[in-house]
Amino acid sequence: MRSTYLFTSESVSEGHPDKVADQISDSIVDLFLSKDPEARIACETLCTTQLVVLAGEIRCKGVFENGEWAPGAKEEIERVVRQTVKDIGYEQDGFHWEKFEFINRLHGQSAHIAQGVDAGHNKDEGAGDQGIMFGYATDETPDLMPATLYYSHKILQRMAADRHSGAAPFLEPDAKSQVTLRYEGSLPVAATAVVVSTQHAPGYDEGDKEAELHAYVKRVVAEVIPPVLLRETEYHINPTGSFEIGGPDGDAGLTGRKIIVDTYGGAAPHGGGAFSGKDPTKVDRSAAYISRYLAKNIVAAGLATRCTIQLAYAIGVSKPLSLYVDTHETGTVGDDAIEQAILGLEKLGGLTPRAIRTHLGLNKPIYRPSAAYGHFGRKAEGDLFPWERLDLVEDLKAALSQ
């Protein structure tokens with residue numbers, strides 16, 4: 001491994017058009033799971049200038065059964081979509097929560113998919129799709145996340161909080177950030193570049209108002225990134241100049257287009273499957289969550305300073321095809337021993353889709369908060385972000401001490 005190198009990660013705000021789509025899709029997941037914990041949802045969202053379109057397959061008791069919508073269901077879906085956009089803050093000429101055209105093209109789940117996923121008299125619930133999923137953790141930050149992504153998220157979260165509170169009234173919802181760190185060994189020692197592009201009110205692209213915006217962004221960065229890392233930082237703030245037209249009016253948004261922002265900022269592999277809009281029988285989502293949970297607990301247990309987990313599944317099959325652990329030569333025990341310890345923990349149920357959902361409590365309306373600023377490195381609180389809990393540490397230590 002190289003001893004000195006630069007690494008970069010980016011984040012996007014809740015008002016980025018792809019994140020608008022993700023939040024709408026997960027609002028639909030939450031709505032259906034609140035009605036039926038066993039609901040099946042695959043909801044894709046398209047948003048563009050004054051238009052939001054939903055498409056996908058669903059099954060939900062009391063909402064959509066036998067090919068028919070329950071009375072009032074379509075109207076409730078539309079209310080949830082508009083409220084999501086309102087909460088983000090879009091009241092612009094090109095995209096307004098109250099004025100956009102809404103098209104609902106959700107329909108019933110394929111019976112051929114259902115027969116493979118549903119549990120039967122002679123089979124356990126199968127995976128909702130084939131695929132490979134990865135989890136990752138590193139001791140670079142308190143949240144056991146890559147520092148480049150950690151700081152990129154924090155910058156935008158702080159700016160969004162200031163926008164919502166009125167502390168920074170010149171900010172509009174769409175924004176992006178990017179942080180480049182220089183590493184020596186495995187530790188970040190300097191932020192060599194910070195990029196922030198934010199949608200802004202008219203006039204904040206020149207003169208004193210532009211200077212005010214730039215000073216504000218630098219102040220936020222200084223409060224997020226430790227001063228010791230900012231001694232040689234090059235800033236690029238709205239480098240294209242004006243950024244008044246943004247969000248879905250500036251660029252169409254689609255569900256699932258920010259999978260690296262959602263996970264580890266490029267510091268770990270990605271299986272390619274998006275999370276938002278999917279119920280937890282879809283292992284794209286649930287297996288990625290349990291993989292993060294395992295990797296985080298391994299690092300928190302002191303078994304490694306860095307860990308990557310891979311899981312693989314076949315559609316309709318409950319047992320995972322493979323479990324792979326890589327501690328990148330930082331482990332205190334063998335990677336194969338960790339694999340065996342994980343598979344031997346009864347509470348994990350062999351990592352079947354049902355066992356994952358049960359252990360983490362995933363059949364609940366908990367997903368919209370995950371749809372902006374990353375699914376990982378968040379605070380486990382109540383039912384939210386259960387895959388961030390550190391309640392497997394002692395089990396792993398005990399299994400590996402035998």
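## Reading a sheet and some salt bridges

The structure, a predicted model, holds 21 salt bridges.

Q: How do strands of a sheet pair?

A: In general, they do it through backbone hydrogen bonds, and the pairing can be parallel or antiparallel. Here, three strands make an open sheet with antiparallel pairing, in the order β7-β12-β13.

Q: Which strands stand at the edges?

A: Those are β7 (131-138) and β13 (322-326); each has a single partner strand, so one side of each has no neighbour in the sheet. On average, neighbouring strands are turned by 15° against each other, direction ignored.

Q: Over how many bridges do β7 and β12 pair?

A: Eight, with β12 covering residues 306-313. Have a look at threonine 138: it stands opposite arginine 306 in β12. Helix α9 (residues 335-344) packs on this sheet too, where it touches β12 and β13.

Q: Now the salt bridges. What counts as one?

A: You look for a side-chain nitrogen of Lys or Arg within 4 Å of a carboxyl oxygen of Asp or Glu. Take glutamate 388 and arginine 292, whose closest N and O atoms are 2.9 Å apart. This pair links distant parts of the chain, 96 residues apart: glutamate 388 sits in the loop between α10 (353-360) and α11 (393-401), arginine 292 in helix α8 (residues 283-300).

Q: Are glutamate 388 and arginine 292 buried or exposed?

A: Both are buried.

Q: How many residues apart are aspartate 162 and arginine 158?

A: Four, both in helix α4 (residues 147-165), so about one helical turn separates them. Aspartate 162 is buried at 11% relative accessibility, while arginine 158 is partly exposed at 31%.

Definitions and conventions
Residues numbered from 1 in each chain as written. Predicted model: local features only at pLDDT ≥ 70, side-chain atom pairs only at ≥ 80, totals over all residues. Heavy atoms only, no water. Pairing = 2+ DSSP bridges. Helix = DSSP H or I, 4+ residues; strand = E, 2+ residues; numbered from the N terminus. Axes fitted to C-alpha atoms, helices over the stretch in contact; angles between N-to-C directions. Contact = heavy atoms within 4.5 Å. Buried < 20%, exposed > 50% of the residue type's maximum accessible area, 1.4 Å probe, protein only.
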